[in-house]
Amino acid sequence: MSAALTCRDFIDFIGDYYEQQLDSARLGEFEKHLRLCPSCESYLQSYQQTVLWGKESCQDSDALPEDVPEELIQAILAARRAAGEEPPSAPESGP
Amino acid sequence: VREYGPKLLATIRRLCSQEEDAREAFQDAMLSVVRSVAGFQAGSRLSTWLHRIAINAALMKLRRHRRRPEKSIDELLPRYLDDGHQQASSVQWAEPASGPAERRELRALVRQSIDRLPDSYRTVLLLRDIEELGTAETAELLGITSTAVKVRLHRARQALRTVLDPHFREAVP
């Protein structure tokens with residue numbers, strides 16, 4: 001019988017747990033520690049919250065500029081011209 | 001540029017926190033698009049192809065501009081006693097207020113906190129959790145192993161959790 005997981009082991013395994021990559025034996029030990037250790041239970045809850053908020057924080061309209069600044073578009077066009085390319089024609093209407 | 005530009009610029013800005021770098025990277029990305037559009041394969045999704053070009057341009061800019069030695073992430077990782085217990089117990093996080101203004105503030109706080117992470121960890125967190133690239137693709141883009149991506153991602157999430165913790169831990173009576 002293997003020794004029980006420590007908090008350090010538990011936290012080390014959270015990444016694999018989150019990605020559902022713990023094998024069944026490890027998962028059993030992980031869940032046993034989770035039932036017995038309120039501190040690690042709180043840690044796991046806040047870790048999951050962190051990942052969720054991280055995803056949400058960058059996928060909303062307040063993180064998205066409405067338009068690309070016009071001066072940036074002009075700089076791109078100027079760089080194209082400087083590179084000896086033709087200025088852009090009208091957008092293609094289909095494939 | 002006008003249709004896909006805002007999303008691509010937002011992706012680049014997340015990776016390049018300096019606005020000047022972001023603008024240059026965006027310009028590089030758009031020029032790449034112009035030069036390589038003939039090689040775009042009809043079976044691919046245009047938005048995915050553009051997204052990858054934007055990420056590549058941002059990473060190239062980051063690599064060129066990596067000026068300062070990176071600070072260690074160790075101080076943002078959990079600390080343990082000799083017996084493996086956490087040095088300081090973790091406590092539950094309070095549920096943040098759910099109004100639109102509070103949610104906006106929360107998102108801004110999380111974005112600022114991500115920006116505080118050391119670059120090599122912040123980049124992995126952004127590519128995996130935000131840009132939703134796979135482990136293998138992230139590893140290839142960064143020139144590191146898949147194992148290193150997994151390790152960095154887990155450490156980055158732990159470090160971000162540490163930065164956010166003082167804002168959300170429930171008051172201990």
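This is a predicted model: local features need pLDDT of at least 70, side-chain atom pairs count only at pLDDT 80 or more; totals for chains, interfaces and linings use all residues.
Helices here are DSSP runs of H or I with at least four residues, numbered from the N terminus. On the α1(B) side, the contact is made by Gly5(B), Leu8(B), Leu9(B), Ile12(B) and Arg13(B). On the α2(B) side, Glu19(B), Ala22(B), Ala25(B), Phe26(B), Ala29(B) and Met30(B) take part. Contact means heavy atoms within 4.5 Å.

Residues are numbered from 1 along each chain as its sequence is written, and chains are lettered from A in the order in which they are written. Local features need pLDDT of at least 70, side-chain atom pairs count only at pLDDT 80 or more, and totals for chains, interfaces and linings use all residues, while side-chain values use heavy atoms, without hydrogens and water.

Further along chain B, Arg161(B) sits in helix α7 (residues 146-168). Arg161(B) is buried because its relative accessibility is 5%; buried means under 20% relative accessible area, exposed over 50% and partly exposed in between, with a 1.4 Å probe and protein chains only. Apart from neighbours within four places in sequence, Arg161(B) is in contact with Tyr43(A), Ser46(A), Tyr47(A) and Thr50(A), and also with Ser90(B) and Trp93(B).

Asp83(B) belongs to the loop between α3 (46-64) and α4 (100-115) of chain B. With 46% relative accessibility, Asp83(B) counts as partly exposed. A polar atom of its side chain lies 3.0 Å from the backbone nitrogen of His85(B). Between Asp83(B) and Leu59(B) there are 41 Å from C-alpha to C-alpha, at a separation of 24 residues in sequence.

Most residues other than glycine have a negative phi. Gln20(A), in the loop between α1 (7-18) and α2 (24-36) of chain A, has a positive phi near 55 degrees. Gln20(A) is exposed, at a relative accessible area of 74%. Glu132(B) lies between α5 (119-130) and α6 (135-142) of chain B, and its phi is positive as well, near 60 degrees. At 55% relative accessibility, Glu132(B) is exposed.

Conventions. Helices (H or I, at least four residues) and strands (E, at least two) are DSSP runs, numbered from the N terminus. A polar contact is a pair of N or O atoms within 3.5 Å; within protein, one must be able to donate a hydrogen and the other to accept it, and residues adjacent in sequence count only if both atoms are side-chain atoms.
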